[in-house]
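Notebook open, structure loaded. I wanted one residue's surroundings first, then the whole chain.

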Amino acid sequence: MCGIAGIFHAETPKPVDPVRVERMCEALVHRGPDGSGVWTGPGVGLGHRRLSVIDLEGSPQPMHSIDGRSVIVFNGEIYNFRELRGELEAAGARFRTSGDTEVILAAYDRWGVDCLDRLDGMFAFALYDRDKRALFLARDRFGVKPLFLAQLSDGSLAFASELKGLLAHPLLRRRVSPQALDAYLAWGYVPDSHAILSGTSKLPAGHFLWIEQGKGVPQPRRWWDMDFTQREKGSEADLSAQLLHLMRDAVQSRMVADVPLGAFLSGGVDSSSVVALMSEASAAPVRTCSIGFDVAALDETSHAETVARTFGTLHTARRVGHDDFAAVDGLAAMFDEPFADASALPTWRVCQLAREQVTVALSGDGADEAFAGYRRQVFHRNEERVRALLPGRVREHLFGRLGALWPKADWAPRPLRAKATLLALAGSGEEGYARGLSVTTPEQRAALYSDEFARGLAGYRAEDELVALMRSAPARSGLDRAQYADLAFWLPGGILTKVDRTSMAVSLEAREPLLDHRLVQFAARLPDRMRVRGGTGKYLLKRCMERYLPQDILYRPKQGFVTPIAEWLRGPLAGEARAIAASPVIAQSGFFEPRALARLAEAHIAGRGDNSRVLWQLLMLEKSLTRLGISS
């Protein structure tokens with residue numbers, strides 16, 4: 001696990017100043033405190049910061065292939081590197097180190113860009129082929145590891161693991177992308193299809209770039225995608241046995257490390273399943289940690305303690321309270337781009353807690369997306385059944401009118417909050433899912449924007465990207481399309497970004513065994529009834545884990561890692577809610593109508609609506625604008 005950065009001149013091989021690459025890497029020191037290196041050649045410079053996890057002394061980077069043809073900087077872990085090494089040695093390859101970086105070099109030497117299909121892991125790397133004068137940039141299947149790009153005024157392409165690496169380059173312009181801002185307010189994060197600064201981008205998950213000098217910078221090419229078009233056959237018992245085998249392999253492969261290793265444990269199904277399988281595979285007690293909240297209804301630490309006792313783990317726990325609000329400046333520094341998932345705060349805290357004991361921690365991330373664990377996916381499946389019964393015009397007339405008349409009722413119990421469901425049923429399934437997934441609707445955002453900013457969007461609407469993604473998904477059912485959207489859009493931009501930045505901020509490597517691509521592809525082939533049964537998701541996963549986990553862990557209502565922001569902003573942090581709306585940074589940006597923001601804050605404080613997520617978005621936007629020093 002590391003940080004990488006570099007510069008490549010795609011047209012003319014201008015000299016690259018190694019000091020400039022070094023400064024880009026220094027901005028990433030938290031990702032790799034154990035070592036650094038820079039290499040430059042004609043028109044190219046590669047830099048690296050290292051967090052030592054495997055082959056602690058023997059794999060410095062940038063690393064050259066034995067024949068000197070290729071040079072690589074690599075962030076991540078290749079879990080099948082030992083099997084690949086054996087195959088490559090049998091074909092005549094020689095190795096000087098015992099780590100996974102040199103295996104990528106040898107795999108490229110044998111298979112070229114097709115080596116990506118052989119790699120099982122989380123990674124972002126830059127490999128320079130000196131013979132072909134070409135740069136090969138690649139990112140793993142799900143986007144666990146990030147890679148930011150920027151095309152600069154001197155004709156060069158700069159890249160870095162985080163935006164702060166690009167910010168260290170003096171030619172990077174700091175101007176907000178209006179489309180990225182609209183996407184941020186829609187989703188609560190800047191998705192992989194955008195970057196907050198105009199002129200910057202992200203290499204999408206499962207894509208690579210092949211750039212030859214003299215030929216310009218092409219569009220990224222997809223090298224892997226999920227496929228929901230096939231279905232597994234077999235009895236429930238057979239499918240459960242296959243699932244358990246895949247989960248065991250995924251967990252055990254991610255337990256390989258030359259440093260202390262542990263796990264995050266929330267007390268939910270996913271992290272508890274990982275801890276159960278780790279305990280089965282380990283002769284020593286597994287180290288686990290969890291974070292709770294000062295609002296009892298959202299605190300899961302008692303469930304985590306139950307699992308810890310069940311498997312005899314070495315468990316530690318702490319709680320997060322409203323006084324942790326002071327840490328938001330630190331969050332802004334971690335993410336660079338505005339990031340408004342409030343669970344980033346407790347995720348950071350649990351990473352800090354884990355880092356006190358271990359260097360690597362396994363998490364349960366990815367199971368909700370892969371096995372249909374979100375309520376929204378189950379709702380979407382049910383809504384699609386209703387849509388199939390009624391013609392579009394009938395639904396538009398009936399549900400559209402009811403939805404327009406129904407009160408928003410944020411204060412009401414969930415079954416009475418029917419407005420969003422009625423409006424969703426009035427439109428297409430893709431449009432309904434996009435609206436259900438978003439933090440704000442297009443209409444709500446339009447009410448907040450200044451006239452000038454609205455004109456600058458030129459008709460752009462963030463939801464359209466998700467709608468198009470779902471309609472083109474390799475899928476057979478509405479549930480398939482919802483899960484595809486979550487895996488391809490929500491997961492890399494939201495969940496994995498959160499875990500990467502908060503773990504790397506404390507130099508902790510987080511691994512996600514439930515995102516093993518073979519496991520996820522198996523889950524994508526499961527019949528709908530093996531994913532959702534009786535109105536709840538993750539059916540087969542829960543049945544599979546009944547031999548390990550207590551019933552009250554497996555079948556209690558899903559809680560999620562929810563931070564009590566609404567209560568805090570209405571209570572001890574009500575003054576902060578008003579300050580967000582009146583912020584001079586937000587006002588001077590010219591993006592918003594100030595009176596609309598003030599009404600938003602007062603309505604939340606008075607209890608007339610739950611505007612906490614939007615207020616938190618504005619807070620994190622203010623912190624990001626301040627830190628980045630970007631203008632409208």
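I looked up Ser507 and found it in the loop between α19 (478-504) and β17 (509-511). Helices (H or I, at least four residues) and strands (E, at least two) are DSSP runs, numbered from the N terminus. This is a predicted model, where local features need pLDDT of at least 70, side-chain atom pairs count only at pLDDT 80 or more, and totals for chains, interfaces and linings use all residues. Residues are numbered from 1 along each chain as its sequence is written, and side-chain values use heavy atoms, with hydrogens and water left out.

Buried or exposed, I asked of Ser507? Ser507 has a relative accessible area of 11%, so it counts as buried (under 20% relative accessible area, 1.4 Å probe, protein chains only).

Next I checked what Ser507 touches, not counting residues up to four places away in sequence. I noted His30, Pro33, Leu51, Arg355 and Thr359 (contact means heavy atoms within 4.5 Å). With His30, the side chain of Ser507 reaches the backbone oxygen at 2.7 Å.

Then I zoomed out to the protein chain, which has 28 helices and 19 strands. Its radius of gyration (over C-alpha atoms) is 24 Å, close to the 26 Å that the globule rule (2.2 Å times the number of residues to the power 0.38) gives for 632 residues, so the chain is as compact as a globular protein of that length. I read a C-alpha trace spanning about 70 × 60 × 50 Å along its principal axes. Buried residues make up 61% of the 632. Among contacts between residues at least 6 apart in sequence, 73% join residues at least 24 apart.

Conventions. Buried means under 20% relative accessible area, exposed over 50%, partly exposed in between (1.4 Å probe, protein chains only). A polar contact is a pair of N or O atoms within 3.5 Å; within protein, one must be able to donate a hydrogen and the other to accept it, and residues adjacent in sequence count only if both atoms are side-chain atoms.
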